[in-house]
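Hi,

Here is the structure I promised to send over.

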Amino acid sequence: MKVRRAFGVFALVMYGMTGMHAQQQQTDLSKPKVPLVSVVGCATQMSDGTWMLTKATDGVESKVLFMSAKEIEEAKTKPLGNNQYKLLGTVDFLTKEDLLNDPHRAEFTRPEVANATGQLQNGRKLLVKGLLITVSNEKRLNLVSVQQLADTCR
């Protein structure tokens, strides 16, 4: 009986170690699981308050969070596309007043230190960078930077 139990414990330990080794071999850290992409499109605020990037281009993978002057100039002449992305993490890119009106942010943000860019405005052509999240036929961008390209979206 003790021999069986000892063998069972030994088998479980060996199986667990083999599984851990296989999992370590499968992990490729050279490419992020959620890519950072750059997209041009139209800022659209929906009736429920959510923000979408409509008439958007395909996402182009990027290695840097910031936008260079060259990238911004090239984006201004880029034609719009047929994609649509739900925008996440928008409050920092709205106006200071909008940021302070957000009930979650108002809890820990004092008006004198509120920092919002004001770049996300309805109907404007934008260049955005964000983490691309694809979930059940919906593309989402968790924003890291937003730059207005034009006052209208054409």
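Gln 148 sits in strand β6. Is Gln 148 buried or exposed? Its relative accessibility is 16%, so Gln 148 counts as buried, the cut-off being under 20%. The Gln 148 side chain has a polar contact with the side chain of Arg 124, at 2.9 Å. Leaving out residues up to four places away in sequence, Gln 148 touches Arg 124, Lys 125 and Leu 126, along with Gly 118, Gln 119 and Gln 121.

Before you read too much into any of this: it's a predicted model. The protein chain averages a pLDDT of 84, and 79% of the residues score at least 70. Confidence is lowest in helix α1 (residues 2-26), with a mean of 52, while strand β2 (residues 51-56) has the highest, at 98.

Strand β6 is also the place of Glu 138. With a relative accessible area of 26%, Glu 138 is partly exposed. Which residues does Glu 138 touch, not counting those up to four places away in sequence? They are Lys 86 and Ile 133. Lys 86 is 52 residues from Glu 138 along the chain, yet their C-alpha atoms are separated by 7.6 Å.

On the overall layout, the protein chain has four helices and six strands. Reading from the N terminus, the order is α-β-β-β-α-β-α-α-β-β. Of contacts between residues at least 6 apart in sequence, 65% join residues at least 24 apart.

Now the inside. The largest nonpolar core has 16 residues, and Val 39, Leu 53, Leu 120, Val 128 and Leu 141 have the most contacts inside it. Two or more residues of this core come from each of β1 (36-45), β2, β4 (83-88), β5 (125-135) and β6 (138-150). A second, separate core has six residues, including Met 67, Ile 72, Ala 75 and Leu 127.

Last, the surface numbers. Buried residues make up 31% of the 154 residues in the protein chain. The chain exposes about 10,600 Å², with carbon and sulfur atoms supplying 56% of that area.

Cheers

How values were computed
Residues numbered from 1 in each chain as written. Predicted model: local features only at pLDDT ≥ 70, side-chain atom pairs only at ≥ 80, totals over all residues. Heavy atoms only, no water. pLDDT = per-residue confidence, 0-100. Core = buried A, V, L, I, M, F, W, Y, C linked by side-chain atoms within 4.5 Å. Buried < 20%, exposed > 50% of the residue type's maximum accessible area, 1.4 Å probe, protein only. Contact = heavy atoms within 4.5 Å. Polar contact = N/O pair within 3.5 Å; in protein donor to acceptor, adjacent residues only side chain to side chain. Areas by Shrake-Rupley, 256 points an atom, 1.4 Å probe, with all protein chains shown as cover.
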